[in-house]
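Trainee: I would like to learn how to read the features of a protein model. Can you take me through one?

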Amino acid sequence: KPSFWYLVLIVFSVLIFFYFFLFFPEIQIKSISISGNEKVNAEKINVVVEKLINKNIIASYITTKSVFLVDTEAIKKEILASLPQIDSVEVKKNLPTNISIKISERKPEAVFCLLSGQCFFVDKNGIAFEETQYFPENMVIVRQTESNINEVFVGKTAVEKSTIDSILKVKKSLFDNSQINISQALINGAQRLDVKTSEGWQ
């Protein structure tokens, strides 16, 4: 019957479409281009991306890297969640077989130290992104003087952005006007901020 062969043709066409959409070799991701990284190891980024572009079709027996299934937003979110040293990410699909990842790394603006002595680099937004015991020259050390913060997690806020803004503003003003460097900033509760200069003034 003609209707039977029409049905066969439709089913065959759908199978061909899905084969092309999922498994055609010329649309499988073959390369990942990473740029903008200075300290973050490109291999760490690559591992995150590879996990997300490998799609299981039937359990783990049949997989695909089809460019059409790549979720660029999911890749962006996972990179930011997995690598707190990264501030922003751009992910693009370059048809037919490439993904490009452009990152911007967080820049240390200060070192934040808990009463316990545990210290972290923080960026311009007060986000802690790397534990450290190294204090670069002329970088402000922000010290906690009250036990209102017991723990800091990388990738999370350690110091309020408004506090960091105030510290950096005072630092710039003192250096521009008097060539004086701030060595430490002491956070005394929510309302008070004391600074110490490299000359020992407070």
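Mentor: We will go through cores, salt bridges and a pocket in turn. Keep in mind that this is a predicted model.

Trainee: Which residues have the most contacts inside the largest nonpolar core?

Mentor: In soluble globular proteins, nonpolar side chains tend to be buried together. Here the largest nonpolar core has 19 residues, and those with the most contacts inside it are I45, V49, I75, I79, I99 and I101. Two or more residues each come from α2, α3, β4 and β5, with α2 giving the largest share, four residues. Leaving aside residues up to four places away in sequence, I79 touches I45, V48, V49, I86, V89 and I101. A second, separate core has 15 residues, including A128, V140, I164 and I167.

Trainee: Which residues are linked in a network of salt bridges?

Mentor: The network joins D87, R106 and D123. R106 meets D87 at 3.3 Å, N to O, and these two are 19 residues apart in the chain. R106 also meets D123 at 2.7 Å, 17 residues apart.

Trainee: Are R106 and D123 buried or exposed?

Mentor: R106 counts as buried because its relative accessibility is 15%, and D123 counts as buried at 3%. D87 is partly exposed, at 30%.

Trainee: What lines the second largest pocket?

Mentor: Rolling a probe the size of a water molecule over the atoms shows where empty space is left. The second largest pocket has a volume of about 210 Å³. Its lining has 14 residues, with K39, V40, Q85, E105 and E130 nearest the centre. By class, five are nonpolar, two polar and seven charged.

Terms used:
Residues numbered from 1 in each chain as written. Predicted model: local features only at pLDDT ≥ 70, side-chain atom pairs only at ≥ 80, totals over all residues. Heavy atoms only, no water. 1 Å grid on protein atoms, 1.4 Å probe; cavity = no way out; pocket = protein on both sides within 12 Å on 5 of 7 lines; lining within 4 Å. Points joined across faces, edges and corners; volume = space filled by probe spheres on them. Nonpolar A, V, L, I, M, F, W, Y, C, P; charged D, E, K, R; others polar. Core = buried A, V, L, I, M, F, W, Y, C linked by side-chain atoms within 4.5 Å. Buried < 20%, exposed > 50% of the residue type's maximum accessible area, 1.4 Å probe, protein only. Contact = heavy atoms within 4.5 Å. Salt bridge = Lys/Arg side-chain N within 4 Å of Asp/Glu carboxyl O.
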